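Trainee: I have a model open and want to learn how to read it. Can we go through it feature by feature?

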Amino acid sequence: MKLSFFSLLKIILEGKSSNRFLIGVIASFSFSIAVILCTIGLMDGFESTLVKSLQRASGDLIIKGRSGFFHFDKSLEKLDELKLVKSITPVVQIEAFLISNNISRGVLVKGIDEDSFKKVTSLEIELKTGEIVLGSEIAKKLNIVVGQEIVLTFASNNKKNQGSPILKSYKVSGIVEHGVYEKDLRFVYLDRKQLIDLFNYTSDSANMALVKLSDYNGLDELKIYQYKLAGKISKDLKIETFWNEFRTLLDAVEIEKLSISMVLQLIVVVAIFNIVAFIIFISERKSQEFYLLRVLGLTIKSVINFWFSMLFAVWFVSCFLSIGLTT
(Lines give C-alpha, C1' and ligand atoms only; values in the text may rest on other atoms or scores of the structure.)
Protein backbone atom coordinates (compact mmCIF):
# COMPACT_ATOMS: atom_id res chain seq x y z
CA MET A 1 0.00 0.00 0.00
CA LYS A 2 1.27 3.45 -0.94
CA LEU A 3 0.00 6.78 0.32
CA SER A 4 1.18 10.21 -0.78
CA PHE A 5 2.82 12.58 1.66
CA PHE A 6 -0.19 14.90 1.74
CA SER A 7 -2.60 12.01 2.33
CA LEU A 8 -0.65 10.90 5.40
CA LEU A 9 -0.31 14.51 6.54
CA LYS A 10 -4.09 14.96 6.34
CA ILE A 11 -4.61 11.90 8.53
CA ILE A 12 -2.01 12.99 11.10
CA LEU A 13 -3.20 16.59 11.37
CA GLU A 14 -6.82 15.69 11.86
CA GLY A 15 -7.96 17.50 14.98
CA LYS A 16 -7.31 21.02 16.35
CA SER A 17 -4.67 19.96 18.88
CA SER A 18 -2.40 18.46 16.21
CA ASN A 19 -2.69 21.56 14.01
CA ARG A 20 -1.98 23.89 16.93
CA PHE A 21 1.02 21.82 18.01
CA LEU A 22 2.48 21.88 14.49
CA ILE A 23 1.94 25.64 14.19
CA GLY A 24 3.69 26.15 17.55
CA VAL A 25 6.63 23.98 16.48
CA ILE A 26 7.09 25.90 13.22
CA ALA A 27 6.71 29.26 15.00
CA SER A 28 9.33 28.43 17.66
CA PHE A 29 11.79 27.04 15.11
CA SER A 30 11.42 30.01 12.75
CA PHE A 31 11.77 32.46 15.65
CA SER A 32 14.98 30.81 16.85
CA ILE A 33 16.48 30.96 13.36
CA ALA A 34 15.39 34.61 12.98
CA VAL A 35 17.09 35.56 16.27
CA ILE A 36 20.40 34.08 15.11
CA LEU A 37 20.13 35.70 11.66
CA CYS A 38 19.34 39.12 13.19
CA THR A 39 22.22 38.90 15.65
CA ILE A 40 24.77 37.87 13.03
CA GLY A 41 23.38 40.49 10.64
CA LEU A 42 23.73 43.26 13.21
CA MET A 43 27.30 42.24 14.05
CA ASP A 44 28.24 41.99 10.37
CA GLY A 45 26.58 45.34 9.70
CA PHE A 46 28.50 47.02 12.51
CA GLU A 47 31.78 45.54 11.27
CA SER A 48 31.09 46.50 7.66
CA THR A 49 30.06 50.06 8.59
CA LEU A 50 33.13 50.53 10.78
CA VAL A 51 35.47 49.26 8.06
CA LYS A 52 33.92 51.54 5.42
CA SER A 53 34.09 54.56 7.75
CA LEU A 54 37.75 53.89 8.58
CA GLN A 55 38.58 53.54 4.90
CA ARG A 56 36.69 56.74 4.09
CA ALA A 57 39.00 58.84 6.28
CA SER A 58 42.31 57.00 5.82
CA GLY A 59 42.49 55.64 2.29
CA ASP A 60 43.59 52.00 1.93
CA LEU A 61 47.09 51.87 3.43
CA ILE A 62 48.99 54.02 5.93
CA ILE A 63 52.76 54.55 5.86
CA LYS A 64 54.41 55.58 9.13
CA GLY A 65 57.94 56.32 10.23
CA ARG A 66 59.34 53.80 12.69
CA SER A 67 61.08 56.57 14.63
CA GLY A 68 58.52 59.35 14.10
CA PHE A 69 58.96 61.94 11.35
CA PHE A 70 60.40 61.11 7.93
CA HIS A 71 61.06 62.90 4.65
CA PHE A 72 58.28 62.60 2.10
CA ASP A 73 60.81 62.55 -0.72
CA LYS A 74 60.79 61.44 -4.34
CA SER A 75 61.04 57.75 -3.43
CA LEU A 76 57.59 57.91 -1.84
CA GLU A 77 56.14 60.26 -4.42
CA LYS A 78 57.06 57.77 -7.14
CA LEU A 79 54.88 55.11 -5.55
CA ASP A 80 51.89 56.56 -7.41
CA GLU A 81 53.63 55.55 -10.64
CA LEU A 82 52.98 51.91 -9.75
CA LYS A 83 49.87 50.36 -11.29
CA LEU A 84 48.43 49.33 -7.95
CA VAL A 85 48.76 52.84 -6.41
CA LYS A 86 46.32 55.56 -7.43
CA SER A 87 47.46 58.39 -5.19
CA ILE A 88 49.49 59.15 -2.06
CA THR A 89 49.39 62.12 0.31
CA PRO A 90 51.64 63.22 3.21
CA VAL A 91 50.19 64.05 6.63
CA VAL A 92 51.69 65.77 9.68
CA GLN A 93 49.90 64.56 12.80
CA ILE A 94 50.42 66.37 16.13
CA GLU A 95 48.58 66.34 19.45
CA ALA A 96 47.24 69.60 20.84
CA PHE A 97 44.56 71.14 23.05
CA LEU A 98 41.59 72.91 21.48
CA ILE A 99 40.23 75.81 23.55
CA SER A 100 36.78 77.27 22.96
CA ASN A 101 34.12 78.80 25.22
CA ASN A 102 36.49 78.44 28.20
CA ILE A 103 36.66 74.66 27.67
CA SER A 104 39.70 72.71 26.51
CA ARG A 105 39.74 69.34 24.78
CA GLY A 106 42.63 67.15 23.61
CA VAL A 107 42.65 66.78 19.82
CA LEU A 108 44.73 65.19 17.10
CA VAL A 109 45.73 67.85 14.57
CA LYS A 110 46.22 66.58 11.03
CA GLY A 111 48.18 68.78 8.66
CA ILE A 112 47.08 67.83 5.13
CA ASP A 113 47.67 68.84 1.53
CA GLU A 114 44.14 69.60 0.40
CA ASP A 115 44.33 68.44 -3.24
CA SER A 116 46.12 65.13 -2.73
CA PHE A 117 44.16 64.40 0.46
CA LYS A 118 40.87 64.54 -1.47
CA LYS A 119 42.21 62.04 -4.01
CA VAL A 120 43.09 59.53 -1.30
CA THR A 121 40.08 59.90 1.04
CA SER A 122 36.40 60.61 0.59
CA LEU A 123 36.42 63.65 2.88
CA GLU A 124 35.58 67.01 1.36
CA ILE A 125 37.85 69.40 3.27
CA GLU A 126 38.65 72.94 2.11
CA LEU A 127 41.29 74.92 3.95
CA LYS A 128 42.80 78.36 3.61
CA THR A 129 45.42 80.20 5.64
CA GLY A 130 44.27 80.61 9.24
CA GLU A 131 41.37 78.16 8.87
CA ILE A 132 40.61 74.85 10.56
CA VAL A 133 38.09 72.03 10.01
CA LEU A 134 36.71 70.15 13.03
CA GLY A 135 35.22 66.71 13.56
CA SER A 136 31.45 66.80 14.04
CA GLU A 137 31.39 65.40 17.59
CA ILE A 138 33.95 67.82 19.04
CA ALA A 139 32.00 70.68 17.45
CA LYS A 140 28.85 69.44 19.22
CA LYS A 141 30.60 68.90 22.55
CA LEU A 142 32.05 72.43 22.60
CA ASN A 143 29.11 74.15 20.81
CA ILE A 144 31.34 75.39 18.00
CA VAL A 145 29.82 76.67 14.75
CA VAL A 146 31.33 77.53 11.38
CA GLY A 147 32.92 80.98 11.41
CA GLN A 148 33.80 80.87 15.11
CA GLU A 149 37.35 81.52 16.37
CA ILE A 150 39.08 78.77 18.36
CA VAL A 151 42.57 78.44 19.86
CA LEU A 152 44.96 75.50 19.54
CA THR A 153 47.64 74.97 22.19
CA PHE A 154 50.75 73.08 21.04
CA ALA A 155 53.77 71.98 23.04
CA SER A 156 56.89 73.82 21.91
CA ASN A 157 59.67 71.73 20.35
CA ASN A 158 62.21 74.51 20.82
CA LYS A 159 64.82 73.64 23.47
CA LYS A 160 65.03 77.28 24.59
CA ASN A 161 61.27 77.49 25.12
CA GLN A 162 60.82 73.96 26.41
CA GLY A 163 57.70 73.77 28.54
CA SER A 164 56.20 76.92 27.02
CA PRO A 165 53.02 76.34 24.97
CA ILE A 166 52.39 77.70 21.48
CA LEU A 167 48.98 79.35 21.19
CA LYS A 168 47.50 79.83 17.76
CA SER A 169 44.08 81.17 16.81
CA TYR A 170 42.13 79.71 13.86
CA LYS A 171 38.77 80.32 12.21
CA VAL A 172 36.47 77.29 11.82
CA SER A 173 35.78 76.93 8.09
CA GLY A 174 33.93 73.62 8.18
CA ILE A 175 32.79 70.56 10.10
CA VAL A 176 33.44 67.05 8.79
CA GLU A 177 31.89 63.67 9.62
CA HIS A 178 34.13 60.59 9.53
CA GLY A 179 31.46 58.06 10.47
CA VAL A 180 33.55 56.88 13.44
CA TYR A 181 32.77 58.48 16.80
CA GLU A 182 36.38 58.48 18.05
CA LYS A 183 37.58 60.28 14.91
CA ASP A 184 34.74 62.80 14.96
CA LEU A 185 35.55 63.53 18.60
CA ARG A 186 39.32 64.02 18.20
CA PHE A 187 40.36 64.88 14.63
CA VAL A 188 40.86 68.45 13.40
CA TYR A 189 42.46 69.50 10.13
CA LEU A 190 44.92 72.25 9.19
CA ASP A 191 46.90 73.02 6.09
CA ARG A 192 50.16 71.05 6.30
CA LYS A 193 52.31 74.02 5.27
CA GLN A 194 50.93 76.09 8.15
CA LEU A 195 51.77 73.34 10.61
CA ILE A 196 55.26 72.89 9.16
CA ASP A 197 55.97 76.63 9.34
CA LEU A 198 54.67 76.77 12.92
CA PHE A 199 57.19 74.18 14.10
CA ASN A 200 59.98 75.14 11.65
CA TYR A 201 60.04 71.69 10.03
CA THR A 202 61.44 71.13 6.55
CA SER A 203 58.93 71.37 3.72
CA ASP A 204 58.98 67.63 3.02
CA SER A 205 58.38 66.59 6.66
CA ALA A 206 55.63 64.10 7.49
CA ASN A 207 54.98 61.42 10.06
CA MET A 208 52.29 59.67 8.05
CA ALA A 209 51.37 59.05 4.42
CA LEU A 210 47.98 57.82 3.20
CA VAL A 211 47.82 55.59 0.13
CA LYS A 212 44.88 55.02 -2.22
CA LEU A 213 45.11 51.79 -4.23
CA SER A 214 43.52 50.74 -7.48
CA ASP A 215 40.45 48.54 -7.30
CA TYR A 216 40.86 45.33 -5.31
CA ASN A 217 38.59 42.50 -4.25
CA GLY A 218 38.25 42.16 -0.51
CA LEU A 219 40.48 42.81 2.46
CA ASP A 220 42.58 39.71 1.82
CA GLU A 221 43.79 41.13 -1.49
CA LEU A 222 44.52 44.43 0.24
CA LYS A 223 46.88 42.60 2.60
CA ILE A 224 48.70 41.20 -0.44
CA TYR A 225 49.15 44.74 -1.78
CA GLN A 226 50.41 45.78 1.65
CA TYR A 227 53.22 43.20 1.51
CA LYS A 228 54.06 44.17 -2.06
CA LEU A 229 54.45 47.86 -1.17
CA ALA A 230 56.40 47.03 1.99
CA GLY A 231 59.20 45.76 -0.24
CA LYS A 232 59.30 49.02 -2.21
CA ILE A 233 59.74 51.48 0.68
CA SER A 234 62.58 52.20 3.08
CA LYS A 235 63.14 49.89 6.06
CA ASP A 236 62.76 52.97 8.26
CA LEU A 237 59.10 53.05 7.29
CA LYS A 238 56.29 50.64 8.05
CA ILE A 239 53.05 50.16 6.17
CA GLU A 240 49.71 49.30 7.78
CA THR A 241 46.15 48.69 6.62
CA PHE A 242 43.55 51.39 7.30
CA TRP A 243 41.87 49.31 10.02
CA ASN A 244 45.07 48.54 11.93
CA GLU A 245 44.41 51.03 14.77
CA PHE A 246 40.98 49.43 15.33
CA ARG A 247 42.23 45.87 14.88
CA THR A 248 41.51 44.98 18.54
CA LEU A 249 37.91 46.18 18.23
CA LEU A 250 37.34 44.27 14.99
CA ASP A 251 38.86 41.10 16.48
CA ALA A 252 36.61 41.52 19.53
CA VAL A 253 33.57 41.83 17.24
CA GLU A 254 34.52 38.57 15.48
CA ILE A 255 34.94 36.73 18.79
CA GLU A 256 31.71 38.18 20.17
CA LYS A 257 29.83 37.23 17.00
CA LEU A 258 31.05 33.64 17.29
CA SER A 259 30.32 33.36 21.01
CA ILE A 260 26.84 34.90 20.73
CA SER A 261 26.00 32.61 17.81
CA MET A 262 27.05 29.56 19.85
CA VAL A 263 24.96 30.67 22.83
CA LEU A 264 21.94 31.32 20.62
CA GLN A 265 22.18 27.76 19.31
CA LEU A 266 20.54 26.79 22.60
CA ILE A 267 17.33 28.36 21.28
CA VAL A 268 17.54 26.09 18.24
CA VAL A 269 18.11 23.08 20.51
CA VAL A 270 14.93 23.94 22.43
CA ALA A 271 13.04 24.24 19.13
CA ILE A 272 14.38 20.82 18.06
CA PHE A 273 13.09 19.35 21.33
CA ASN A 274 9.69 20.77 20.40
CA ILE A 275 9.86 18.95 17.05
CA VAL A 276 10.77 15.69 18.81
CA ALA A 277 7.88 16.24 21.23
CA PHE A 278 5.56 16.79 18.26
CA ILE A 279 6.63 13.48 16.67
CA ILE A 280 6.12 11.62 19.97
CA PHE A 281 2.73 13.34 20.48
CA ILE A 282 1.51 12.37 17.00
CA SER A 283 2.85 8.83 17.34
CA GLU A 284 0.91 8.35 20.58
CA ARG A 285 -2.24 10.18 19.53
CA LYS A 286 -2.47 8.60 16.08
CA SER A 287 -1.29 5.12 17.08
CA GLN A 288 -4.60 3.53 16.06
CA GLU A 289 -4.52 5.20 12.64
CA PHE A 290 -0.93 4.02 12.05
CA TYR A 291 -1.92 0.50 13.15
CA LEU A 292 -4.78 0.41 10.65
CA LEU A 293 -2.53 1.73 7.89
CA ARG A 294 0.05 -0.96 8.69
CA VAL A 295 -2.68 -3.62 8.54
CA LEU A 296 -3.74 -2.27 5.15
CA GLY A 297 -0.18 -2.67 3.87
CA LEU A 298 1.67 0.56 4.68
CA THR A 299 5.37 -0.29 4.97
CA ILE A 300 7.81 0.88 7.66
CA LYS A 301 9.92 2.45 4.92
CA SER A 302 6.98 4.60 3.85
CA VAL A 303 6.44 5.77 7.44
CA ILE A 304 10.15 6.65 7.85
CA ASN A 305 10.18 8.50 4.53
CA PHE A 306 7.10 10.42 5.61
CA TRP A 307 8.70 11.59 8.85
CA PHE A 308 11.88 12.65 7.05
CA SER A 309 9.78 14.57 4.54
CA MET A 310 7.82 16.06 7.42
CA LEU A 311 11.02 17.26 9.13
CA PHE A 312 12.29 18.75 5.86
CA ALA A 313 8.96 20.55 5.35
CA VAL A 314 9.06 21.98 8.90
CA TRP A 315 12.65 23.13 8.37
CA PHE A 316 11.90 24.69 4.97
CA VAL A 317 8.78 26.55 6.16
CA SER A 318 10.58 27.73 9.31
CA CYS A 319 13.51 29.08 7.28
CA PHE A 320 11.13 30.87 4.93
CA LEU A 321 9.23 32.44 7.83
CA SER A 322 12.48 33.42 9.60
CA ILE A 323 13.54 35.44 6.56
CA GLY A 324 10.22 37.27 6.75
CA LEU A 325 10.73 37.94 10.48
CA THR A 326 14.18 39.47 9.87
CA THR A 327 12.93 41.96 7.28
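Mentor: Helices (H or I, at least four residues) and strands (E, at least two) are DSSP runs, numbered from the N terminus. This is a predicted model, in which local features need pLDDT of at least 70 and side-chain atom pairs count only at pLDDT 80 or more, while totals for chains, interfaces and linings use all residues. Residues are numbered from 1 along each chain as its sequence is written, and side-chain values use heavy atoms, with hydrogens and water left out.

Trainee: Is I125 buried or exposed?

Mentor: First the cut-offs. Buried means under 20% relative accessible area, exposed means over 50%, and partly exposed is in between (1.4 Å probe, protein chains only). I125 has a relative accessible area of 2%, so I125 is buried. Now take a distance. I125 and D215 are 90 residues apart in sequence and 24 Å apart in space, C-alpha to C-alpha.

Trainee: Next, strands. Which strands does β3 pair with?

Mentor: Two strands pair if DSSP finds at least two bridges between them. Strand β3 (residues 85-100) pairs with β10 (residues 208-213) in the antiparallel sense, over 6 bridges. There, V85 stands opposite L213. β3 also runs antiparallel to β4, with 10 bridges joining them. In that pair, A96 faces V107. β3 is joined to β6 (residues 149-155) by 3 bridges, again antiparallel. F97 has T153 as its bridge partner in β6, and L98 has L152.

Trainee: What lies on from β6?

Mentor: β6 pairs with strand β7 (residues 165-176), antiparallel, over 7 bridges. A155 stands opposite P165 in β7.

Trainee: On to charges. How many salt bridges are there?

Mentor: The rule first. A salt bridge is a side-chain nitrogen of Lys or Arg within 4 Å of a carboxyl oxygen of Asp or Glu. By this rule the count is 5. One of them joins R192 and D113, with the closest N and O atoms 3.1 Å apart. This pair links distant parts of the chain, 79 residues apart: R192 is in helix α7 (residues 192-199), and D113 is in the loop between β4 (103-112) and α4 (114-120). R192 has a relative accessible area of 8%, so R192 is buried.

Trainee: How far apart are K118 and E114 in helix α4?

Mentor: They are 4 residues apart, which means a separation of about one helical turn. They form a salt bridge, with the closest N and O atoms at 3.5 Å. K118 is partly exposed at 26% relative accessibility. E114 is partly exposed too, with a relative accessible area of 21%.

Trainee: Which residues form a network?

Mentor: K64, K238 and E240 are linked by salt bridges. For E240 and K238, the closest N and O atoms are 3.7 Å apart. E240 is buried, at 13%, whereas K238 is partly exposed, at 31%.

Trainee: Last, helix packing. How do α2 and α9 cross?

Mentor: Axes are lines fitted to C-alpha atoms, for helices over the stretch in contact, and angles run from 0 to 180 degrees between N-to-C directions. The axes of α2 (residues 16-58) and α9 (residues 247-285) come within 9 Å and cross at roughly 170°. Angles under 35 degrees count as roughly parallel, over 145 as roughly antiparallel, 65 to 115 as roughly perpendicular and the rest as oblique. α2 and α9 are therefore roughly antiparallel.

Trainee: Which residues of α9 are buried?

Mentor: Among them are L250, V253, K257, S261 and L264.
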